[in-house]
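Colleague: Please take me closely through one part of this model: the strand pairing and what surrounds it. Keep it plain, as I am new to this.

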Amino acid sequence: MVDKLVNSEANARRIQMVENCFGTSGQPLFLPGRVLVGEGVLTKMCRKRPKARQFFLFNDILVYGNIVIGKKKYNKQHLIPLEEVQLQALEDNGQYRNGWLIRTATKSFAVYAATQTEKQEWMAHINKCIEDLLRKSGKKPVETHAAVWVPDSEATICMHCKKTQFTMINRRLQRQFAGKQLLRGFRIHGIHHCRNCGAVVCGPCSSKKFILPGQSNKPLRVCLDCYDNLTSMKRDGNKAQTGNNNKPANSTESSGEDDSGDDEETLKDNVTHDEHL
């Protein structure tokens, strides 16, 4: 079916309609060989609460955006290359039903469909597109994925120190005065997410930063536990590398791993209250 639509006028018109709905806020979507496979509204688990988002599945990318006017206007367009995507089905949990994880190296999040049938169809079509892409390109699936952030609403206290409380009152104060010294000995600490494990943590428990390959080429905020683990792993890796470098020149073993150098800055950590759309 996809191959039949590649050069069809109907496919070109459908893609043009999607571009028009995003307007100047979106990127051009038409490319030779690109096919719009399907579209629909899914509920995306955002940082603060679940929100409806319009999704478009192409044979090579997944596109989603905020709904301004249903079927007419969208903004905040996001493009995800399907070659980087891995899906993981979620068990139903209370009000959260028919969900699955969309995992990539730079960003991972949960989405929910209206019905079980819709969930199965979305996952089947996405996986089929991924399989076709990997088969044609000869690439291997991405093995490292970004952590899924724990929603703010699911954490009433810092998940690291178990002391700092995230009540409704101090959440409002934190958004307004995060990091500012108000009275002597009293400071409002911001609510943050560890970029490595996704935990909700307070400012003092996420004061460290570490470079996470795949997410950014700049150091990102991580919790103290992850910082200790990451620095320990890096230290052990450096020791192993030093050992390899000391081997004789005629050694047949590799002296180290090849670095791809294709890190991208996808998350910005220059605000006190993190944004994760």
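Modeller: Start with one term. Two strands count as paired if DSSP finds at least two bridges between them. Keep in mind that this is a predicted model.

Here is the setting. The protein chain has five helices and 13 strands. It runs to 277 residues, and buried residues make up 38% of them. Take the contacts between residues at least 6 apart in sequence: 50% of these join residues at least 24 apart.

Now to the strands themselves. Strand E1 covers residues 36-45, and strand E2 covers residues 50-58. The two run antiparallel, and nine bridges join them. A hairpin of four residues leads from E1 to E2. Within this pairing, Gly 38 stands opposite Leu 57.

Next comes strand E3, residues 61-69. E2 pairs with E3 through five bridges, again in the antiparallel sense. The hairpin from E2 to E3 has two residues.

Which aromatic ring pairs with the ring of Phe 56 edge-to-face? The structure holds eight aromatic pairs. In one of them, the rings of Phe 22 and Phe 56 have centres 6.1 Å apart and planes at 65°, so this pair is edge-to-face. The cut-off for that label is an angle over 60 degrees. Phe 22 belongs to helix H2 (residues 9-22) and Phe 56 to strand E2, so the pair ties together parts that are 34 residues apart in sequence. Phe 22 and Phe 56 are both buried.

Phe 55, Tyr 64, Phe 109 and Trp 122 are linked by ring pairs into a cluster. Charged side chains also meet rings. Lys 44 lies over the face of Phe 109, at 4.8 Å from the ring centre. The charged end of Arg 34 sits over the ring of Phe 58, 5.9 Å from its centre.

Tyr 64 has a polar partner as well. The side chains of Tyr 64 and Lys 107 make a polar contact at 2.9 Å. Where is Lys 107 found? It is in the loop between strand E6 (99-103) and strand E7 (108-112). Is Lys 107 buried or exposed? Its relative accessible area is 15%. Buried means under 20%, so Lys 107 counts as buried.

E6 has partners. Strand E5 (residues 86-89) pairs with E6 over four bridges, in the antiparallel sense. There, Ala 89 stands opposite Trp 100. E7 pairs with E6 over five bridges, also antiparallel. Leu 101 has Ala 110 of E7 as its bridge partner. Four residues lie between E6 and E7 in their hairpin.

Now link the two regions. Lys 107 lies in the loop between E6 and E7. Its side chain makes the polar contact with Tyr 64, and Tyr 64 is part of the ring cluster with Phe 55, Phe 109 and Trp 122.

Note on methods
Residues are numbered from 1 along each chain as its sequence is written. This is a predicted model: local features need pLDDT of at least 70, side-chain atom pairs count only at pLDDT 80 or more; totals for chains, interfaces and linings use all residues. Side-chain values use heavy atoms; hydrogens and water are left out. Buried means under 20% relative accessible area, exposed over 50%, partly exposed in between (1.4 Å probe, protein chains only). Contact means heavy atoms within 4.5 Å. A polar contact is a pair of N or O atoms within 3.5 Å; within protein, one must be able to donate a hydrogen and the other to accept it, and residues adjacent in sequence count only if both atoms are side-chain atoms. Rings of Phe, Tyr and Trp (its six-membered ring) pair if their centres lie within 6.5 Å; planes under 30 degrees apart count as stacked, over 60 as edge-to-face and the rest as tilted. A charge sits over a ring if NZ of Lys or CZ of Arg is within 6 Å of the ring centre and within 35 degrees of the ring normal.
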